[in-house]
Amino acid sequence: MVHAEQHVIQIMEQAGINFLATLPCDRTKNLLPLVHKVFSGIELTREEDGLGICAGAWLAGASPMMIIQSTGLGNMINGLASLNMASAIPIPILASFRGIYKEGIESQIPLGKHLPAILKGCGIHYSIIDEVEKIALLSDVIQDAYDHCRPHVALVSPKVWEASSCTAWQENPSSAIQARPTINIEPLSPILAPVMTRYEAISSLGNLLDNQVVVANLGVPSKELFAACDRPLNYYMLGSMGLVSSIGFGISQVTDKKVIVLEGDGSILMNPNALITIGQYQPSNLMIIALDNACYGSTGSQRTYTQNRMDLEFFARICGFKNSTRVHEARELNKAIHNFEQQGELSFIHVVIKPGNSSCPNIPLNPEDITKRFKRCLEK
Ligand SMILES: Cc1ncc(C[n+]2csc(CCOP(=O)(O)OP(=O)(O)O)c2C)c(N)n1
C-alpha cells in the first residue's frame with residue numbers, strides 16, 4: 001500500500017517540482033526525510049527566507065515548492081504579498097495545518113483557527129486537504145500556482161497522515177551527538193570613517209559587470225543601480241525587505257552564472273537568517289556586497305545597530321563566509337570583486353559607506369515587468 005507520504009512525493013514528481021525549501025513540523029516528520037531524498041533543496045531557518053530562495057530558484061528556471069508548518073505562514077505574509085503576488089512569482093506551499101485537528105499545543109490554536117480568513121483577506125489562494133482521500137488536490141494546488149504565477153497554499157490536516165505506517169524519520173538518527181567543529185575567527189580590519197556614498201559604490205560596479213547577475217536591495221539602492229547601470233540581468237527588489245540575499249542565493253543554486261547581491265545593513269539585520277543558511281550551503285558563485293551606511297537610508301537615515309557593536313563582516317564570518325573583506329574606497333571594492341571573479345568562492349564584502357541618497361527617480365518598470373525581463377534574460 002502507498003503511504004500518504006509516498007503519494008505526496010508522486011504528485012510532486014508528476015508536477016515537475018525539482019527544488020524544495022522546508023522547515024519541520026512534527027506532523028510532517030516522516031515526509032521530510034523522504035522528500036529530501038528525492039528533490040534537491042534547502043533546509044530553512046525561517047519560512048519567509050524560503051520565499052526569497054524559491055523566488056530566486058524560479059527566476060533561474062527551477063520549479064520550487066515549500067513544505068512548512070502552517071504557523072510559518074504567519075512569518076510569511078509580507079513576502080507572499082510584496083514579492084510573490086506583486087511580482088507574479090509562483091510558489092506552491094504544503095503547510096501542515098496546526099491548531100484545528102486533535103491539537104495538543106494550545107498556542108497553535110489562535111492562528112490555526114483564523115488562518116483561512118487571514119489568507120482569504122490577503123487574497124492568497126488556499127485549499128484545505130483534511131482527509132487522506134483528498135491528497136490528489138495537491139496536484140491542483142501546484143498547477144494553479146504555476147498556471148497563474150501566484151502563491152497557493154495547501155493546508156494539510158494532521159488527519160491526513162494519521163493512518164500512515166511510514167516511519168521514515170526513525171531511520172535518520174540525529175548526528176547531533178557527534179562532536180562539532182569549533183569556529184576560529186581571525187582578527188578583522190578596523191571599521192574606519194566612511195568616505196564613499198552608496199551611489200559612488202554602486203556606480204563603480206558598472207565597469208566590472210559582464211554577464212553576472214545582480215540582485216539589488218529594495219528602496220534607493222535599487223533606484224541607484226537602475227540609474228547607474230540598468231541591464232536586464234539586474235533584479236530590482238521593490239518590496240519584501242530582508243529577502244535580497246535569499247533571492248540571490250536561490251538564483252545561485254540553479255544558474256552557473258556569478259551572482260552579486262547588493263545588500264543593506266538594515267536588510268541584513270531584518271533577516272540575518274539568510275546569511276546563516278547561505279553559510280551552510282557555501283554556493284561558490286555567490287558574492288554579497290553589504291552596503292553599510294549604518295542607517296535605514298531609504299526611509300530617512302534612522303540609525304541601525306551597525307553604528308555600534310554589530311560588525312557585519314564578523315557576523316558573515318561566523319555564518320561561514322570564509323572569504324570576507326572590509327573596504328572603504330571604490331578602488332578596494334573593485335579589487336575585492338575582481339578577486340571573487342578569480343577565486344570562485346562564496347564571498348562577503350563589507351562596504352563601509354556614508355549615509356545619504358542620490359536624487360535618482362523611481363524605476364519606471366513595475367515589479368512584474370522587472371521579473372519577466374530578468375527571467376527571460378537569465379534563461380537565455
Ligand atoms: C518589512 C518592512 N519594514 C520596513 C520597510 C520600510 N523600509 C524600506 S527600505 C528601508 C531601509 C532599508 O535599509 P537598508 O537595508 O540599510 O538599506 P539603505 O536604504 O540604507 O541602503 C525600510 C526600513 C519595508 N519596506 N518593509
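Let's start with Ile318, which counts as partly exposed because its relative accessibility is 39%; buried means under 20%, exposed over 50%, and partly exposed in between (1.4 Å probe, protein chains only). This is a predicted model, where local features need pLDDT of at least 70, side-chain atom pairs count only at pLDDT 80 or more, and totals for chains, interfaces and linings use all residues. Residues are numbered from 1 along each chain as its sequence is written, and side-chain values use heavy atoms, with hydrogens and water left out.

You'll find Ile318 in helix α13 (residues 312-319); helices are DSSP runs of H or I with at least four residues, numbered from the N terminus.

Now step back to the whole chain: it splits into domain 1 (4-171) and domain 2 (198-379), with bounds from an automatic or database domain assignment. Their C-alpha centres are 29 Å apart. Where they meet, 25 residues of domain 1 are in contact with 26 of domain 2, contact being heavy atoms within 4.5 Å.

Next, head inside. The largest nonpolar core holds 84 residues, and Met66, Leu73 and Ile93 are among those with the most contacts inside it. Such a core is a set of buried Ala, Val, Leu, Ile, Met, Phe, Trp, Tyr and Cys residues joined through side-chain atoms within 4.5 Å. Helix α3 (residues 47-59) gives the most to this core, seven residues. Because domain 1 (4-171) and domain 2 (198-379) both give residues to this core, it lies between them. There's also a second, separate core of 26 residues, including Val8 and Leu32.

Note on methods
Helix = DSSP H or I, 4+ residues; strand = E, 2+ residues; numbered from the N terminus.
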